[in-house]
Amino acid sequence: MAAPTSSASACSGERWPPLESSPEVFNQFMWSLGVPRGEAEFHDVYGLDADALAMVPQPVVAVVFCFPDPPEDPTAPPEQVSATEDKESLDEVYFIKQIDSLGNACGTIALLHAVGNACSEISLLENSGLDLFFKSTASMDPYERARVLEKDDDMARAHSLAASAGDTEIGDIVEEHYVCFTALNGTLYELDGMKGGPIKHGPSSPESLLQDAVNVIKAMIQRIPNSVNFNVMALSRKLK
C-alpha cells in the first residue's frame, strides 16, 4: 500500500501542515513528545491478508488508517456514532474533535487517539508534552481538548517538524484523512475527529484488535473505488 500524506477536506492553515503516513514520521513525532523508544513503536502493515498481519509485532494497542477523503454521499446511511452526549462512551474513550482551526492536524489527532487510549499500556515520560497534554485535558470534553491542542505551541512545533521529515513534496499532497482504531472494554472503536464521537464496531479485544480493525478497513476501502492511496500502521507496545 502507498504512503500518502494527509489533508482532510476541512483542514487548512500553515500551523498544522499535513503529515506523511509513515512509521518513521510517526515514531519520531511520538518519541519527541514523550513516549520512550523502549515503550512503543509504529509499524507498517504491508497487507491485509493473514500472512501480512502475522508479521506485525504484538501486542498491538492501536491501528491508524490513512485513506482518501471521499466526497460526502447524501444517499449513504448514517453511521452508528456514539454521540458526544453519550457520557458512558466519552468516559471510557479519549476523543478529540477536529475543529476547523486545527488545519491538517488529523494525523496528530490520530496519534493522540492512539496513545491517549493506550495510557494503561504505555508509560509516558513525566512532564513530557504528551504527559502534560493528557493530564490537563483528562476531564475535558472533545471540543475543549481541541481548543487546548489548537493553542499548544509545543505540540504544533513537534507536528511541523514531523511534517517536514516526510519524503513527500507538499505539492504532491492529495485529500487524505487519518482515523484510529482501538479496543477498549471489549469494544472496537473508530476514532475520527471529523465525526460526532467514537464509532462502535462491535466486540474486540487487545488480542484481536488488528484483525478486527482490518475487517472494518476493508469495508471502508470498498466504499472508495479507483484509489490506491491507503496506508495502515499499527502501534505496538514493546515487550520488556
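Guide: Directly after helix α1 comes Gly-34, which has a positive phi, near 130°. Helices are DSSP runs of H or I with at least four residues, strands are runs of E with at least two, and both are numbered from the N terminus. This is a predicted model: local features need pLDDT of at least 70, side-chain atom pairs count only at pLDDT 80 or more, and totals for chains, interfaces and linings use all residues. Residues are numbered from 1 along each chain as its sequence is written, and side-chain values use heavy atoms, with hydrogens and water left out.

Visitor: What makes helix α1 largely enclosed by the rest of the structure?

Guide: Of its 11 residues (23–33), 8 are buried, so the rest of the structure largely encloses α1. Buried means under 20% relative accessible area, exposed means over 50%, and partly exposed lies in between, with a 1.4 Å probe and protein chains only. The buried residues of α1 are Pro-23, Val-25, Phe-26, Asn-27, Phe-29, Met-30, Trp-31 and Leu-33. Their cover includes β1 (40–44), α4, α5, α7 (153–164), β3 and β6 (231–237). Across the protein, buried residues account for 51% of the 240 residues.

Visitor: How many helices and strands does the protein have, and in what order do they run?

Guide: There are 8 helices and 6 strands. Starting at the N terminus, the order is α-β-α-β-α-α-α-α-α-β-β-β-α-β. A contact is a pair of residues with heavy atoms within 4.5 Å. Among contacts between residues at least 6 apart in sequence, 75% join residues at least 24 apart.

Visitor: Which residues touch the most other members of the largest nonpolar core?

Guide: Met-30 and Leu-235 do, in a core of 47 residues. A nonpolar core is a set of buried Ala, Val, Leu, Ile, Met, Phe, Trp, Tyr and Cys residues joined through side-chain atoms within 4.5 Å. With residues up to four places away in sequence left out, Leu-235 touches Met-30, Ala-40, Glu-41, Phe-42, Pro-59, Val-60, Val-61, Ala-62, Ala-114, Val-115 and Ile-122. Another core of 23 residues lies apart from the largest one, and its members include Val-45, Val-60, Ala-213 and Met-220. In soluble globular proteins, nonpolar side chains tend to be buried together.

Visitor: Why is Leu-188 called buried?

Guide: Its relative accessibility is 1%, so Leu-188 falls in the buried class. Leu-188 sits in strand β4. Neighbours within four places aside, its contacts include Phe-181, Thr-182, Ile-199, Ser-204, Leu-209 and Val-216. Ser-204 is 16 residues away along the chain, yet the two C-alpha atoms are 5.1 Å apart.

Visitor: What makes a space count as a cavity?

Guide: On a 1 Å grid over the protein atoms alone, a cavity is a set of points where a 1.4 Å probe fits but cannot get out; lining residues have an atom within 4 Å of a point. Points are joined across faces, edges and corners, and the volume is the space filled by probe spheres set on them. The structure has 2 cavities of 30 Å³ or more.

Visitor: Which residues does UniProt list for "active site"?

Guide: The UniProt entry, which is unreviewed, lists Cys-106 and His-177. They are spread over 72 residues of sequence but cluster in space, with a largest C-alpha distance of 6.5 Å. Both Cys-106 and His-177 belong to the lining of the second largest cavity. Such annotations may be inferred rather than shown by experiment.

Visitor: Are Cys-106 and His-177 buried or exposed?

Guide: Cys-106, in helix α4, has 1% relative accessibility and therefore counts as buried. His-177, in strand β3, has a relative accessible area of 2%, so His-177 is buried too.

Visitor: How do you know that the bond between Gln-58 and Pro-59 is cis?

Guide: Omega is about 0° at the peptide bond that joins them, which is a cis bond. Pro-59 is in the loop between α2 (50–54) and β2 (60–68).

How values were computed
1 Å grid on protein atoms, 1.4 Å probe; cavity = no way out; pocket = protein on both sides within 12 Å on 5 of 7 lines; lining within 4 Å.
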